[in-house]
Amino acid sequence: MRLRDLIRQVRAARTMAEERAVVDRESANIRETFRDDDSPWKCRNIAKLLYIHMLGYPAHFGQMECMKLVAQPRFTDKRIGYLGAMLLLDERSEVHLLVTNSLKNDLNASTQFVTGLALCTLGSICSSEMCRDLAGEVERLIKSSNTYIKKKAALCAFRIVRKVPELMEMFISCTKALINEKNHGVLMGGITLVTEMCEKSPDVLNHFKKLVPNLVRILKNLLMSGYSPEHDVTGISDPFLQIKILKLLRILGQDDAKASEEMNDILAQVATNTETSKNVGNAILYETVLTIMEIRSESGLRVLAVNILGRFLLNPDKNIRYVALNTLLKTVTIDYNAVQRHRTTVVDCLKDPDVSIRRRAMELCFALINKTNITNMTKEIFIFLETADPEFKAECASKMYVATEKFSPNYGWHLDTMIKVLKLAGNHVPDEVVSCMIQLISSHAELQQYAAVQLYRAVQADVISAQPLLQVAFWTIGEFGDFLLQANEDDVARIEEGDVVAVFERILPSTLTSTVTKSYAITALAKLDTRLTCTNDRVRHLIAASTAHLNLELQQRSVEFARLLGYNELKYGLLERMPVIAHNSLNAAAQPIESDSLPTGYDASAAADPEPLVVYDYPSYGTPDQYASPTRGALRSFDAPETSNAEHSSVLGTTTIGDLLASGGTFVRYLLQCFAKRENLSDERAVNKDTNRTKNEMVANSAVSDPFDIFGSLDSTRSKSAQPSTVAINSKGIEGILYVESDFAENKPAVLRLVATNNNPVNIENFNFQVAVTKAYQIELMPPSSATICGNGQGSVSQLMNIKRNSTSQPVRLLLSLAF
């Protein structure tokens, strides 16, 4: 049977069973003919066997027959034999030694086509041992005068270098001659080989940088040459070679100002003279843009590259639009302003019917948001959110919170924007955004009443499909429900207690309300019982209604709150407002919003300091009317007036470890609030005049002492919570806090204590904390208390360090390193 007959029978099979029957029958016939060594149809049988292999059926039994065909003198037999070897053999095959001997013989053949077959096979199936055995033969063929052999030998050398990089030194000398070849095939093979070697070795990269003028000249000749039928593709001379050269120039010019300057002119010519009406021209322009962005090009050239991508966004071909968006997303960090000019076109891509283009456009829109355009960009994103697919809404909500955290003009706008995001994204909002919204409201006292009112109005509408919004609203109403009842001049209608409870009466019994939302609601109702005066019966009735709920956690929560509300001496202490929540899960991606008006005495010039500073916030425990933003409250200068507080005292802190150890209490910019330890529950039960008098005496004493000298009163009676401290490590679930045990008083070494905790679910082994200081200081690191930290915050490891000051000319700078 001939090959065409086998193909015809396979195609005629109506079912897989019929196809398998045809293949099995023919495979049996092929095995039978393989037993006859004198069969004249070996070449035809191997061809049929390769077709069977392409269909996915086993054909390994033909490996030795392929080797027999390779050993035949006829070219047609060798061609089928080598093709079978490339398809049926791999590195694990036991007949590799036979293949190596056959290849070595054919690499020395007198016929160029046989040599070409051997080179193609070597490049396809070469193992490490085969590469080392035959690399010398390939090097010899690269120096051949035959362009056909030289081209294939260069590509085979490329495969050898990729497989065994240490053999590249063998080809460096002979590769230079390939770059000066006139034949485009040889030139392309040589550039491919040079590109691979430059990517593998920095030394080879430096060696080939001297070829930049040659490559620029070749590219210029291609650009300026006239019509050449041999290389023309839709009016462009050899676009494949142009793209290869551009890729090599990109590698050679990266982080090299001299090489980049040599190629700036030719890149500008390619960018301006290449025809864009055909896809071939777009491919060249795309490689040109990538090259311009990766080398140290001029600013004008980068603007030209971004403008090319902007034209790509207007192309009707969706593949070109996707490539443009993807490249702009990588380019936005290099030339932000140039990409910003195409913001309108990017926003229009949010309406594209293709889901991939919409996703890339959404990511680019968030990358383009800044302080000046956040208002307009937010409107466009809201329009996108209204009709977005569910898989977009979760990511969009998270990115929207990060953007508003960075660039919101004020906290009120930030809150209003996120409330609308919660409405539009509905149940697709991730839990992290809910936590961040709660943290935002908790940490800003000036926002709490406004947030309570706005969220109350939001849940008055039918928002049962937006469970995350209900969760944030219930938490806020529970914490600050008394603020809703306070009169506000801007409010048209006064909010009554009954109106607040009515919201819970409408949402809590609904079967569409999730269990998590009901848990938020039950907790909020328990807190409202201590804040409201006229509707306590309705509140307790709602809580009691959930005491028989099928969900065990919700049932237990309701029963416990119902019992607790009967103890007036307990409930006010247990259900008071939560401490300020200082951290959220998206803080790593978003820096705090900069305030429009700086606090009194704040040094604006200090803010221009390029050294990155982070404000560390700590919980504040106090009466409801004393809650303040820990971040904003910390942004005070040294000269700012100190405010008294009935529940906590503030001491000066800093954001760098070095400033903690500065002498004399003179620090740089920020205040670190360290609050007194909260009274325990038994003290709250026995609140009396003596207790209040004791608290007032404590505040008075703290006001007399210098609040800016954190080293001035390091006595043994002070609790650890009042020690000067800062969060030194907060990454991957590991939190490390540095406490100042003693300062540089009387030229004694300062002592720091690191307390590290592990919030991950698994234990950490081989804990290793290292610190380095400048030459003006010496550090002695004591061994840690343990090398293992238990998971889930169940244990901690402490480690002491002694820092000795040799010179007062510079402050302490610590470089921290943690390994486990």
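Which helix is Ser 27 found in? That would be helix H2, spanning residues 16–34. Keep in mind that this is a predicted model. The protein chain runs to 820 residues, and 48% of them count as buried. Its secondary structure comes to 37 helices and 9 strands.

**The chain as a whole**
- Take the contacts between residues at least 6 apart in sequence: 69% of them join residues at least 24 apart.

- Ser 27 has 6% relative accessibility, so it counts as buried, the cut-off being under 20%.
- Setting aside residues up to four places away in sequence, Ser 27 touches Ile 52 and Phe 61.
- Glu 26 pairs with Lys 48 in a salt bridge, and their closest N and O atoms are 2.6 Å apart.
- That pair links distant parts of the chain, since Glu 26 sits in helix H2 and Lys 48 in helix H3 (residues 42–54), 22 residues apart.
- Both Lys 48 and Glu 26 are buried.

**Other salt bridges**
- Side chains of opposite charge can pair when their charged atoms come close.
- The salt-bridge count for this model is 30.
- In helix H8 (residues 128–142), Glu 137 and Arg 140 lie 3 residues apart, about one turn of the helix, and their side chains meet in a salt bridge at 2.9 Å, N to O.
- Glu 137 is buried, with a relative accessible area of 16%, whereas Arg 140 is partly exposed at 39%.
- Helix H31 (residues 552–564) holds Glu 553 and Arg 557, which are 4 residues apart, again about one turn of the helix.
- The closest N and O atoms of the Glu 553 and Arg 557 salt bridge are 2.8 Å apart.
- Glu 553 is partly exposed, with a relative accessible area of 40%, and Arg 557 also counts as partly exposed, at 25% relative accessibility.
- Arg 2, Asp 5 and Arg 8 are linked in a network of salt bridges.

**A charged patch**
- Glu 261, Glu 262, Asp 265 and Glu 298 form a negative surface patch.
- One of them, Glu 262, has its place in helix H15 (residues 257–273).
- Glu 262 counts as partly exposed, at 34% relative accessibility.

**Gly 412 and its contacts**
- Gly 412 is found in helix H24 (residues 411–425).
- Leaving aside neighbours within four places in sequence, Gly 412 is in contact with Leu 447 and Tyr 450.
- From C-alpha to C-alpha, Gly 412 and Tyr 450 are 7.8 Å apart in space, while in sequence they are 38 residues apart.

Definitions and conventions. Residues are numbered from 1 along each chain as its sequence is written. This is a predicted model: local features need pLDDT of at least 70, side-chain atom pairs count only at pLDDT 80 or more; totals for chains, interfaces and linings use all residues. Side-chain values use heavy atoms; hydrogens and water are left out. Patches are made of residues with over 30% relative accessible area and no salt bridge: like charges are joined within 9 Å, nonpolar side chains (Val, Leu, Ile, Met, Phe, Trp, Tyr) within 5 Å. Accessible areas come from the Shrake-Rupley method with a 1.4 Å probe; for residues, only the protein chains shown count as cover. A salt bridge is a side-chain nitrogen of Lys or Arg within 4 Å of a carboxyl oxygen of Asp or Glu. Lys and Arg count as positive and Asp and Glu as negative; His and the chain ends are not counted. The place of a charge is taken as NZ of Lys, CZ of Arg, CG of Asp or CD of Glu. Helices (H or I, at least four residues) and strands (E, at least two) are DSSP runs, numbered from the N terminus. Buried means under 20% relative accessible area, exposed over 50%, partly exposed in between (1.4 Å probe, protein chains only). Contact means heavy atoms within 4.5 Å.
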